[in-house]
Amino acid sequence: YYSNSMALTAEGWHMSSHVLAIGLTWLAYFFSRKYSKSSKITFERKKLIALSGFSSAIMLLTILAAIVIGDRLLFAPLKTLFETTRRLGEGDLAARSGLVGVGGEIGEFSRAIDQMAVALKWAADQKDKTFRALIDNLFESCRIIDFDWKYVYLNETFAKELGRPVNELIGRSPLDLFPAM
């Protein structure tokens, strides 16, 4: 992560796999040439095949390690970020990624999403405070009823008209208060 670029990191892994394969092939060729006339070591076809199988196994282990590390360092944080943005999109302004200490582009993106969530929460709170201040200071009665016909919000003027405290009216329906309707 010296470059802080995911694309360069992926390309680096890709090219390093080629370097490893070429390097192992060169070593096999070098030793087979060096010891081709030695009486102690003989490089038969079977041994070269075994050596190429060994180098393939090393290559597969390298790829497996890259996949495991990639899952831990790339895919798991991305899955967390997608989940966080989904929750924010659904209106959960308390959603945060929780990816503290993650570096590079994913860490920057995570911090940006978390900062955006804080800003959205603050803006929503400010909007709510402004709305409540406006409604609470009206001289007219005002009430908000949900889809079940229950009061979810009402101002003090409405409560005074009914002669009851606000907290007694929240969650009740007009039919509860006025059964003759």
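Student: Is Leu27 buried, partly exposed or exposed?
Tutor: The model is predicted, local features need pLDDT of at least 70, side-chain atom pairs count only at pLDDT 80 or more, and totals for chains, interfaces and linings use all residues. Residues are numbered from 1 along each chain as its sequence is written, and side-chain values use heavy atoms, without hydrogens or water. Buried means under 20% relative accessible area, exposed over 50%, and partly exposed in between (1.4 Å probe, protein chains only). Leu27 has a relative accessible area of 38%, so Leu27 is partly exposed.

Student: Which helix holds Leu27?
Tutor: Helices are DSSP runs of H or I, at least four residues, numbered from the N terminus. Leu27 falls within residues 6–34, which is helix H1.

Student: Where is Ser173?
Tutor: Helix H5 covers 166–169 and helix H6 covers 174–177. Ser173 lies in the loop between helix H5 and helix H6.

Student: Is Ser173 buried or exposed?
Tutor: The relative accessible area of Ser173 is 9%. Ser173 is therefore buried.

Student: Which residues does Ser173 touch, not counting those up to four places away in sequence?
Tutor: Contact means heavy atoms within 4.5 Å. By that rule, Ser173 touches Trp149, Lys150 and Tyr151.

Student: What is the relative accessible area of Asp71?
Tutor: Asp71 is found in helix H2, residues 45–89. Asp71 is partly exposed, because its relative accessible area is 42%.

Student: What separates the C-alpha atoms of Asp71 and Ala112?
Tutor: Along the chain, Asp71 and Ala112 are 41 residues apart. Their C-alpha atoms are separated by 22 Å.

Definitions and conventions. Helix = DSSP H or I, 4+ residues; strand = E, 2+ residues; numbered from the N terminus.
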